[in-house]
Every structure is written in C-alpha cells, then in structure tokens.
Amino acid sequence: MIIEVKNLKKTYEGAVPTYALKKINFGVEKGEFIALMGRSGSGKSTLLHQLGLLDTPTAGEVIMNGINLMSLTEKQKSKFRLEKLGYVFQSYALLPELTALESVYLPLMLSNVSKKIYIKKATEMLKKVGLAERLHHLPKEMSGGEQQRVAIARALVNNPMILFADEPTANLDTESSKVILKLFRELNKEIGQTIIMVTHEPDDKKYVDRVIWLKDGAIEKE
Amino acid sequence: MNIKTAFFLAITSIKRGNKGTLAMTILIMTLAYVNLVFIASIFGGIVEAINKEAVDNQYSNIVIEPAIDEKYINNKDAIRQIETIPKIIGVSSHYIDNPIVKYDEHKDNKDVKSSRWILKSINPPDEKKVTKIHESIIEGSFLETTDRNQILIGKEIAGGYGGDLDHLSLGVSVGDEIDVFFNNGINRSYIVKGIFSTKSTQADQMLFITKKEMESILKVHNWASEILVKIEDTGNEDVYIEQIRELGLKKEDIKKWSDLMGFTSGASKSFTMISIILGVIGTVVAGVTIFIIIFVSVVNKRKQIGILKAIGMEEDTIILYFVIQALFYGVVGVVLGVSLILFVIRPFFISNPLDFPVGWVSLKVTFNIIKISNLSLIGAALIGGFFPAYRGAKESILKSIWG
C-alpha cells in the first residue's frame, strides 16, 4: 500500500470549531487512480491538502511508502513534496514570468539536476502533454487547457510517487477537460502513475479506478 | 537553500516583470543614493571651504608665536633656517600691532572716523607664498617690498563693499589718506594702496604695511610677532612642527591652523554632525522605500510563493529570491548614483561652486563618503528586502495560495 490514512482529523478552531475531517481511514494502492468526490464542504479538498503535505492535520496519521508524514520537519516536508509529490491545482498555478519550459524544469532545478538534463527532461514532458510547440510561451500566451497541461508536466517531471489534482478541470471548457482527464488516464495506465483527484463532476468517474465519497468530513462510501 | 534557483527566479522576475515598476524602483534607489552622497559631500564642501579660507587668508599651515613671556620671536638664525626644511613652500614673518586708525575725510577734524584694528607687516614676496591675500584685491593693488607710506586694508575697514561691519568702517577708497597711531606712540599717515576682500571676516579686518616700514617704527630688525609657514602637504603639519622645533624654537608657541580655528572648528563639527544625522535619515528612508517595494511585490506574489512552496521550494530559497531582487535594486541604484554624482553633479559644482558666506563651496566627494553610502544603501536594500520576504515565505501554503 502506497498510502495509509489512519484516524485523520482536521478541526478548524474558533468560537465554534469546524470539524472538517472526522476520523478518516483508507488506503491507496500503488498505480491507483482515485477520485475524491462529494458536495461542497464535504472535506474532499481538505483531505487532499492533508495527504499532499499542504496542511497539517489535527490528529491521525498519513503513512506514505512507509514514512509517517506527521514526523517530518518543515525542511523534510519541502524535500518530500519536491521529490515524491506532484500537484495540479484548479487555477493552473503557473508563475506568470516563466515560460512553459522554465515552469516545468523548475522542480528539476530545485533538485540540483544539471542544466542539460533538466532542459531535456522538461522538453520531453511537455511533448508528452502535447505542448511541443509551446515551450517558450508565457502563461498569458496560452489557453487555460494548455496552461493546465503545463502544470501537469511540472507536477510529473520529477517522477512523483503520487500526483494530487485539486479540481483540475474546474476552470476548463468541456473539450479541454476531456483532454486533461484522458491525459491523466493515459499516464495512469502507461507509467502506472498513482493519482488522487478531487472532482465534483459525476462524469469524471469513468476515468478513475475508484471513487471515495465524502460527506460532512467523513467517508460516506467507496 | 538553492542559490541557483533563487537567482534564476529573481533575474527572470526582473527581466520579465513590469518595466515601468522596475524603472521607477531604480529611479527611487538612484535618487536615495544621490541624496546620501550629496548631503555628506555638500557639508564636506562647506567644512573644506571654511578650512581653506583659514589656511589661504589667515593662518597658512603653521603659526609660530613668541614664547609666553616674550613679545617677539628673536632667534634670527632659526627664522632664516625654517625655509630650508624640505617641502616647506614659504615662510612669512609678521610684526603685529593694534593701532588706532583714523580717517578725516575733509581734514577739518570734523566727522573723524576712528577705530582700533589689527595691523600686520609683511614682506610682500614672502607673503605671496603663504597666503592668498594678494589674489583677493578688489580695488587698487598689493604692496611692493619698497612701499613705505602705503597701506593695504581689508574691506571691513574700508567699508562700502558689503562687509558685515560697515558701521565701524572708515569709508575710505584707494588713494585716500589715513592716520595710524601705533601703540608705541608713533603716528604716521598712509595712502590706501589696495583694498582686499576674502571670504573670512577676520582676515578682512586687518591692515598691512611693509616689513621695512614697520621695523622703522618698532626699531627692531628681523624679528617677528608671528611667523606663518606654508607646507606642501596640508594635514601633515605635526611633522614640520617637530622639525621647526629642532631648529632651536623650543619655547615658542607653535600651532597648526586647525588648532586656531576656534569658533569655525565648532561649526565644522556641527556640520559633520548634521551630515551624519541626515545620512542616517536618508539611509532609513531608502531602507523603508525598498521595504515597501518588496512588501508590495511579496503581497502581489503571495500566490506564487504558495505555489513555489507547494512544489517543494524551501523557505530560505524563497527569501533569497526576494533579497536578490532587493539587492539588484540597491546595486543598480548605487552604480547609477555613483555615475550621476561623479560624472554629472560633481563636475557641475566644480564649474559652478556655491557662493556661501564662508567661501566658495563645491561638493567634496570622498572615497569614504562613497564607501559609506554604498554600504548604507546596499545594507538598507538587504534589510528592506529580507523582512517582507521572510514574512511572505513563513506564511502557510494554503493561506498563500487561496488567501
């Protein structure tokens, strides 16, 4: 099992505490493509953030490839995010001053890979997502779908153990959404990429192996 | 910390960011730098002008006065030998008296103007080597060695030349005759040969006659009430004082010009203090300016900082990314500021010095001022860049990305 989630809780303290996640338990096998679904406020994005080390749970454990993520220091978390995890956000999340190629080789540069190799790998990754002609384009010169594909290339360039996607098609038209979801499916099938995706589109079910339904911060069904 | 990536992001951000903002930021930094150097240099220039006036028109470099219980310096051999010390440009012996000077315009004993003034005797060729009074003649001419019944007077005594003491002046012009009543009881009449005007009020309150004339009045020969010594390397007076003492002037009171500055020395210190205070304020303003620029940049790039952290960039690298940008603004500000100061502003002030009451003031741009200003602005850039970057980098990823 690549991810084990044990009794995971997330509470937002305040005058009236909000229990965003209540004792979540589940596991993810290597190579699985999982969708986290549920209504707004069900806790699906919150769960993704805890799994992806973007936030710190109130209680519980997330064990990834045998490592208890709760035991990592901030520096170790940064390294883990860089080397083991990839993220695709709803709003593309590209740096406006970087070209597609630069955006994609940024994680490799952070990993101290040589220039020759990071340019080669980033170029290949952009070709894989169908952007061979857009290497030197800035985000403002690309469509939403193209920007999201750059974000996917960036997330995958370091060969992450798990790819997290937070409503990756929410800002895209139907055609672009299909392209992105098909790309995820291909990556999952071809290279066995483990993917955990938050989505609210019922149609997206057909692309994934498993759906975890959340309701009021707890798993409703699988 | 990944220095390479921090540099890459900083340079890319500067290259592809908003050009107007970049130009404005660099302009502000350049002006902040020019402000730092200009203030220090102009005050340095004022202090230099005060000192220059004192050296040029009053004290030269070294002043030798009689021993405390003596009226004159009477070691003739020693006086003669001072000139032989290497790198001494000139030596001028003075006799000094404090006579009453009278001017009776119509020779009718009515409306006679009189006052006590300081009168010195000079050997004109010697004096030309140690002071610049001869370059400050505004009417008439300087004394000649053989002049006997002619006198040179400062504008404060003459009056009518915009001096500060016009109410005490005699109101005389070149060619007028004045009477001088020496302290030993002798009185003589002199024709005003020339009137001089320096930037020193003290110098302009003096009268000069020739040495020969004064010796005939005082009945002395080759003695002196004071001796002025001009050296090649101003600032190195102590070395020469030692050598002068070795000639046999052991008991004489020997001072360098800066010891005699009195009030003006206090003014110089005050100017230096004001310059330091304004420099510190200028540095703080520059630092706050950079802080605001980087703070706005951090706020605008809050989401980007979150993304960078999410993809695994360490906080140190993010801080360095912003600090490099701040340093870039600081360094470019320094480079442009130095160029502006050295190639535009300084040459302008050298060609067009400011007419201050203390003298002609230009910018005194020293290596020290440049060095301190460079360090101040770059230090301000570092501090001003670090704090907002630190704050931005420490924010949680989710808060950075989604607010």
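**Figure 1. The contact between chain B and chain A in the predicted model.** In this predicted model, 17 residues of chain B are in contact with 18 residues of chain A, two residues being in contact if their C-beta atoms, placed from the backbone, lie within 7 Å. On the chain B side, helix H1 (3-16), helix H9 (302-310) and helix H12 (397-402) each supply at least two of the residues that touch chain A, and H1(B) gives the most, with six residues. Helices (H or I, at least four residues) and strands (E, at least two) are DSSP runs, numbered from the N terminus. By residue class, the side of chain B that touches chain A divides into seven nonpolar, seven polar and three charged residues, where Ala, Val, Leu, Ile, Met, Phe, Trp, Tyr, Cys and Pro count as nonpolar, Asp, Glu, Lys and Arg as charged, and the others, Gly among them, as polar. Residues are numbered from 1 along each chain as its sequence is written, and chains are lettered from A and ligands numbered from 1 in the order in which they are written. Because this is a predicted model, local features need pLDDT of at least 70 and side-chain atom pairs count only at pLDDT 80 or more, whereas totals for chains, interfaces and linings use all residues.

**Figure 2. The two domains of chain B.** The domain assignment, whose bounds come from an automatic or database domain assignment, gives domain 1 (3-54 + 265-402) and domain 2 (60-260) of chain B. The centres of domain 1 and domain 2 of chain B, taken over C-alpha atoms, are separated by 51 Å, and five residues of domain 1 are in contact with five residues of domain 2. On the domain 1 side of this contact in chain B, the residues divide into two nonpolar, two polar and one charged. The C-alpha atoms of chain B fill a box of roughly 100 × 50 × 30 Å along the principal axes, and chain B has a radius of gyration of 31 Å, whereas a compact globule of 403 residues would have one near 22 Å; the radius is taken over C-alpha atoms, and the globule rule is 2.2 Å times the number of residues to the power 0.38.

**Figure 3. The open sheet of chain A.** Six strands of chain A form an open sheet in the order E6-E7-E8-E3-E9-E10, with mixed pairing, two strands being paired if DSSP finds at least two bridges between them. E6 and strand E10 (218-221) of chain A stand at the edges, each with a single partner strand, so one side of each is left without a neighbour in the sheet. From one strand to the next, the twist averages 25°, with axes being lines fitted to C-alpha atoms, for helices over the stretch in contact, and angles running from 0 to 180 degrees between N-to-C directions.

Figure 4. E6(A) pairs in the parallel sense with strand E7 (residues 162-166) of chain A over four bridges, and A:Val88 has A:Ala165 as its bridge partner in E7(A). Both faces of E6(A) (residues 85-88) are covered, with A:Leu85 and A:Tyr87 buried on one side and A:Gly86 and A:Val88 buried on the other; a residue is buried if 20 or more other C-beta atoms lie within 10 Å of its own, exposed if 12 or fewer, and partly exposed in between, with C-beta atoms placed from the backbone. Strand E9 (residues 210-215) of chain A runs antiparallel to E10(A), joined by three bridges, and A:Lys215 has A:Ala218 as its bridge partner in E10(A).
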